[in-house]
Amino acid sequence: MTILAGAGISTGSGIPDFRGPDGVWTRDPEAAQLLEHSLYVVDADIRRRTWEMWRDSPVWRAEPTAAHRSLVDLERAGALRAICTQNFDGLHQRAGSAPGRVLELHGSLTGSRCLSCGRTEPTAGILARLDADPDPHCASCGGLLATDVVMFGEALPGGVFDAAIDAAAGCDVFVVVGSTLTVQPVASLTTVAAEAGARVVIVNAEPTPYDHLAERVERRPIQDALPDLVRELLAE
Ligand SMILES: [Zn+2]
């Protein structure tokens, strides 16, 4: 089984999604600018606001839920191929999923790097000195720093998307959970799985453009629906 997880799996952890009815960008469309790579590299004010957004992010206080833990059960039963996740909150790993099974398609908030020389450092350290240094630069070369979260206009992390395509094409069941399936190329993994013969199940509160490919669509809250679904699939 391969899982494609979106922001909806973490809303139960107190992390608002971006595009849902109560999403960060639904309520404040301008907030999406803070993740535009082309603006970030030229605009110090955008960078300051982006770093403040990361500092104030609920990700740092969030805990995994029963939905994340049900995917750990799936792995321990030997039934999980991979979790392809659009989330950068690290909650799958904190719930107990093996890091090697988690493909972070949109990167991670945990680490940061210099856009010039590639030097890496933990994001938490940069955030801790943000009051003194609101537009932080690289200690080695003076280049711009950014988190490892993939911004609009940036390529996905090398190799990760290829691994996700393999995981989608090579599974018997492909479960989409908490994704609106509106962001490409990630959403197209659903088509890859369906065309390779996988059964597709979609667990999402709102309709998605890929519902027609699914043999089953669940609209119930993810924290209830996903553990039930995992139990059911493991019993088959
Ligand atoms: Zn540097």
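Trainee: Are C114 and C138 buried or exposed?

Mentor: In this predicted model, C114 is buried, and C138 is buried as well. The cut-off for that word is a relative accessible area under 20%.

Trainee: Which protein atoms are the donors of the zinc ion?

Mentor: The donors are the SG atoms of C114, C117, C138 and C141, which lie 2.3 to 2.4 Å from the zinc ion. Along the chain these donors follow the spacing C-x2-C-x20-C-x2-C. C114 belongs to strand β4, whereas C138 sits in the loop between α6 (123–128) and β6, so this pair ties together parts that are 24 residues apart in sequence.

Trainee: What is the geometry of the site of the zinc ion?

Mentor: Four donors count as tetrahedral if all angles lie between 85 and 135 degrees. Here the angles among the 4 donor atoms are 99 to 116°, and the site is tetrahedral.

Trainee: In what order do β4, β5 and β6 stand in their sheet?

Mentor: The general idea is that strands of a sheet pair through backbone hydrogen bonds, in either a parallel or an antiparallel way. In this case 3 strands form an open sheet with the order β5-β4-β6, and their pairing is antiparallel. The edges are taken by β5 (120–122) and β6 (145–149); each has a single partner strand, so one side of each is left without a neighbour in the sheet. From one strand to the next, the twist averages 40°.

Trainee: How many bridges join β4 to β5?

Mentor: Strand β4, residues 107–114, pairs with β5 over 3 bridges in the antiparallel sense. G111 is the residue that stands opposite P122 in β5.

Trainee: Which helix lies across β4 and β6?

Mentor: That is helix α3, residues 44–55, which runs at about 45° to β6.

Trainee: Let us turn to another strand. Which residues of β1 are buried on each side?

Mentor: In a regular strand, side chains alternate between the two faces of the sheet. Strand β1 (residues 2–5) has both faces covered: T2 and L4 are buried on one side, I3 and A5 on the other.

Trainee: In which sense does β1 pair with β2, and in which with β7?

Mentor: β1 pairs with β2 in the parallel sense over 4 bridges, and T2 stands opposite A82 in β2. β1 and β7 also run parallel, joined by 4 bridges; the bridge partner of I3 in β7 is V175. Beyond that, β7 and β8 run parallel and are joined by 5 bridges, with F174 opposite V200 in β8. Of the 5 residues of β8, 4 are buried, and the strand is mostly covered.

Trainee: Which residues touch the most other members of the largest nonpolar core?

Mentor: This core has 23 residues, and those touching the most other members are L4, C84, L105, F174, L181, L189 and I202. At least two residues each come from β2 (82–85), α7 (160–169), β7 (173–177), α8 (189–195) and β8 (199–203). The largest share, 5 residues, is supplied by α7. L4 illustrates the packing: residues up to four places away in sequence aside, L4 touches C84, L105, F174, V175, V176, V177, L181, V186, L189 and T190. Another core, of 22 residues, lies apart from the largest one and has W25, A62, L127 and C138 among its members.

Trainee: Against which elements do the buried residues of α4 pack?

Mentor: They pack against β1, β2, α5 (91–95) and α9 (222–235). The buried residues of α4 are A67, H68, S70, L71, V72, L74 and E75. Just after α4, G78 takes a positive phi of about 75°.

Trainee: Two loop residues remain. Is T65 buried or exposed?

Mentor: T65, in the loop between α3 and α4 (66–76), has a relative accessible area of 7% and is therefore buried. Neighbours within four places in sequence aside, T65 is in contact with I9, G12, S13 and Q223.

Trainee: Why does P209 count as partly exposed?

Mentor: P209 counts as partly exposed because its relative accessibility is 48%, and that class lies between 20% and 50%. P209 is found in the loop between β8 and β9 (216–218). Leaving out neighbours within four places in sequence, P209 is in contact with T180, L181 and T182. The C-alpha atoms of P209 and T182 are separated by 7.4 Å, although these residues are 27 residues apart along the chain.

Definitions and conventions: Residues are numbered from 1 along each chain as its sequence is written. This is a predicted model: local features need pLDDT of at least 70, side-chain atom pairs count only at pLDDT 80 or more; totals for chains, interfaces and linings use all residues. Side-chain values use heavy atoms; hydrogens and water are left out. Two strands pair if DSSP finds at least two bridges between them. Axes are lines fitted to C-alpha atoms, for helices over the stretch in contact, and angles run from 0 to 180 degrees between N-to-C directions. Contact means heavy atoms within 4.5 Å. Donors are N, O and S atoms within 2.8 Å of the metal (3.2 Å for Na, K and Ca); water is not among the atoms, so sites may look incomplete. Four donors count as tetrahedral if all angles lie between 85 and 135 degrees; four count as square planar and six as octahedral if opposite donors are over 155 degrees apart and all others between 65 and 115; anything else is irregular. Buried means under 20% relative accessible area, exposed over 50%, partly exposed in between (1.4 Å probe, protein chains only). A nonpolar core is a set of buried Ala, Val, Leu, Ile, Met, Phe, Trp, Tyr and Cys residues joined through side-chain atoms within 4.5 Å.
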